[in-house]
Amino acid sequence: VDAHDKLKRAESPVEPGMRLVSVTKSSDPPSKSSPTLLRHLKRHLQIDERWMIKPGDIPDCLSKGIGVFVFIDDLLGTGDQFKRLIDCEHLRPVITSSYVAYCPLAAHKKGIAALNSAAPLLKIRSVELLDEKNEIFDQSANCFDDGLNNAGAAESFYYELLQQRGIPLASCDRRGY
């Protein structure tokens, strides 16, 4: 009996009390980047798949005493996507009652500020922090520092190219979203 109990315990890893969560709504397609990142964590870090969930699984985890949720994503840009996820998946109570962290690989400081304002108790930690220097048409980026071009000329060229190709982008989305 003792050998059987030891074998059973070896097969069942200790409950970590936390979950890695994909940044996906129930209506999102399976091609979103967050599940791909979780798959890489599973494969390369040998993280048990049982500790990876979708936001809709959080209530069940809470009922089992899980109190830490770490959302994994590739990019925090404006923060709008995560704000929509919070609202669509009714996560505000979870953020205020549990430890919830949003951990994108890269995050723009404007998006961090927007999320800090929308969900002050949300912990945000990224691998890479982006700012204006990372925006292609910002003068400080030096993307067009060849003595012939500058950020303003490149931006004008880009908008003209969109217009010539008949790409009707709304003004707020013309520079990416």
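By the ring-pair rule, the count in this predicted model comes to four aromatic pairs. Rings of Phe, Tyr and Trp (its six-membered ring) pair if their centres lie within 6.5 Å; planes under 30 degrees apart count as stacked, over 60 as edge-to-face and the rest as tilted. The ring centres of F71 and F82 are 5.2 Å apart and the planes stand at 90°, so this pair is edge-to-face. The pair joins distant parts of the chain, with F71 in strand β3 (residues 68-76) and F82 in helix α4 (residues 80-88), 11 residues apart. Helices (H or I, at least four residues) and strands (E, at least two) are DSSP runs, numbered from the N terminus. Both F71 and F82 are buried, where buried means under 20% relative accessible area, exposed over 50% and partly exposed in between (1.4 Å probe, protein chains only). Ring pairs also link F71, F82 and Y102 into a cluster.

The rings of F137 and Y158 have centres 5.6 Å apart and planes at 45°, so the pair is tilted. Here too, distant parts of the chain are linked: F137 lies in the loop between β6 (128-130) and α7 (151-164), and Y158 in helix α7, 21 residues apart. F137 counts as buried because its relative accessibility is 13%, and Y158 counts as partly exposed because its relative accessibility is 26%.

A charge also sits over a ring: R50 lies over the face of W51, at 5.3 Å from the ring centre. The rule asks that NZ of Lys or CZ of Arg be within 6 Å of the ring centre and within 35 degrees of the ring normal.

Residues are numbered from 1 along each chain as its sequence is written, and side-chain values use heavy atoms, with hydrogens and water left out. As the model is predicted, local features need pLDDT of at least 70 and side-chain atom pairs count only at pLDDT 80 or more, while totals for chains, interfaces and linings use all residues.

The second largest pocket holds about 370 Å³ of space. On a 1 Å grid over the protein atoms alone, a pocket is an open set of points where a 1.4 Å probe fits, with protein on both sides within 12 Å along at least five of seven lines; lining residues have an atom within 4 Å of a point. Among the 18 residues that line this pocket, S22, T24, P35, L38 and K54 are the closest to its centre. The elements giving two or more residues to the lining are α2 (33-45) and β2 (52-53), and α2 provides the largest share, four residues. By class, the lining has seven nonpolar, four polar and seven charged residues. Ala, Val, Leu, Ile, Met, Phe, Trp, Tyr, Cys and Pro count as nonpolar, Asp, Glu, Lys and Arg as charged, and the others, Gly among them, as polar.

Q46 is not a glycine, yet has a positive phi of about 55°. Q46 lies in the loop between α2 and β2 and counts as exposed, at 70% relative accessibility. H90, also not a glycine, has a positive phi of about 55°. H90 is placed in the loop between α4 and α5 (92-97), and its relative accessibility of 64% makes it exposed.

The structure holds zero disulfides, a disulfide being a pair of cysteine sulfur atoms within 2.5 Å. C88 is partly exposed, with a relative accessible area of 44%, and C103 is partly exposed at 22%.

Key
Grid points are joined across faces, edges and corners, and a volume is the space filled by probe spheres set on the points.
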